[in-house]
Amino acid sequence: MPDEQPTDAHPGTDPGVQAPHGPLPTDGTIRPITRWGTPVMHRPQAAVTEYDDALAALAADMVATMYAAEGVGLAACQIGEDIAMFVFDCPDDEGVRTVGVVCNPVLTLPEGKDRRLEDDDEGCLSFPGSFEPCPRPDWARVDGQGLDGRPVSFEGDGLLARCLQHETDHTLGTVFGDRLSSKSRKRLTKKHDAAAEDFPLSWPADAAG
C-alpha cells in the first residue's frame, strides 16, 4: 500500500515510532514488486508454520522493498512469495507511526453502531500510479504471530486502519480493486495505464540501483 516514505534510515528504531513487538528487520534486498494479474496475488496465501532464519530474511526483503517503493505496507505475495505475512510502517489519524510484522493475520472490524466507513483514496504498490476511493471501516485490529512465532496484535484508526485491512486482504488473495464498483475500477485502470512508463516491471529494484 503506497504513501509517503518515512524519513528515518533505520525503521522501527526511531523513539517516536511505536514498535510494540520490536523493530522491523533490516538489511534486506529490494525486489521487484509483483503485479495484479499474477496468480499468487489472487489466491489465499499459505499459512506460516516455520519461524526460522528464512522467514526473517524474507521479512527483511519485504521491508527493504516497501521503503524503496515509498509504501506503508507490503505483503509477501507482492514480491511473489506464497506466504501469509505482511510488514508495515504506517501512521494513524494522529500521525503516530506504528511498525510491525504479522504472520497469519486475523482481522477484527467494528460492528453495529460502532462501524463507521471512511471513503478515502486507496492505492496498491502492485497496481502502481493510481488511486481511487475505497470505503473501509475507520478502525481495525489485526492479530497474528511475529517472526519468532509469538502472538502479536496491532490496532489503529485512519491510514493505519486502512493499511491493516489492505494488507490482510492480500494474504487472503483479495486486491482492493476487487472491492470497487466496475466504474471505479475502470477509472483506476486508466490511471494505472497512464503511469505505466514510470513503473517498469523491475520497479523498485531498478530505481535502487
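Biologist: Let's start with R136: buried or exposed?
Modeller: R136 counts as buried, because its relative accessibility is 3% and the cut-off for buried is under 20%. Keep in mind that this is a predicted model.

Biologist: Which side chain does R136 meet in a salt bridge?
Modeller: The side chain of D169, with N to O at 3.0 Å. That pair joins distant parts of the chain, since D169 sits in helix 2 and R136 in strand 5 (residues 131–137), 33 residues apart.

Biologist: And D169, buried or exposed?
Modeller: D169 is buried too, at 4% relative accessibility.

Biologist: What about D169 and R179, how far apart are the closest N and O atoms?
Modeller: Those are 2.7 Å apart, and the two residues form a salt bridge. D169 is in helix 2 while R179 is in the loop between helix 2 and helix 3 (182–194), so this pair ties together parts 10 residues apart in sequence. R179 counts as partly exposed, at 46% relative accessibility.

Biologist: Which residues are in that salt-bridge network?
Modeller: E122, R136, R162, D169 and R179 are linked in it. The structure holds 15 salt bridges.

Biologist: Give me another one. What does R97 pair with?
Modeller: R97 forms a salt bridge with D89, and their closest N and O atoms are 2.7 Å apart. Both R97 and D89 are buried.

Biologist: Switching topic: which residues does the UniProt "binding site" annotation cover?
Modeller: According to the unreviewed UniProt entry, C124, H166 and H170. They're spread over 47 residues of sequence but cluster in space, with a largest C-alpha distance of 10.2 Å.

Biologist: Where is H166, and what is it in contact with?
Modeller: H166 is in helix 2 (residues 158–171). Beyond its neighbours within four places in sequence, H166 is in contact with M1, E122, G123, C124, R136 and F176. H166 is buried, with a relative accessible area of 2%.

Biologist: Last one, T65. What does its side chain reach?
Modeller: The backbone oxygen of D61, at 2.8 Å. T65 lies in helix 1 (residues 53–68) and is buried, with a relative accessible area of 0%. Not counting residues up to four places away in sequence, T65 touches several residues, including T29, I30, L74 and P204.

Methods:
Residues numbered from 1 in each chain as written. Predicted model: local features only at pLDDT ≥ 70, side-chain atom pairs only at ≥ 80, totals over all residues. Heavy atoms only, no water. UniProt positions renumbered as here; feature names shortened; annotations may be inferred. Helix = DSSP H or I, 4+ residues; strand = E, 2+ residues; numbered from the N terminus. Buried < 20%, exposed > 50% of the residue type's maximum accessible area, 1.4 Å probe, protein only. Contact = heavy atoms within 4.5 Å. Polar contact = N/O pair within 3.5 Å; in protein donor to acceptor, adjacent residues only side chain to side chain. Salt bridge = Lys/Arg side-chain N within 4 Å of Asp/Glu carboxyl O.
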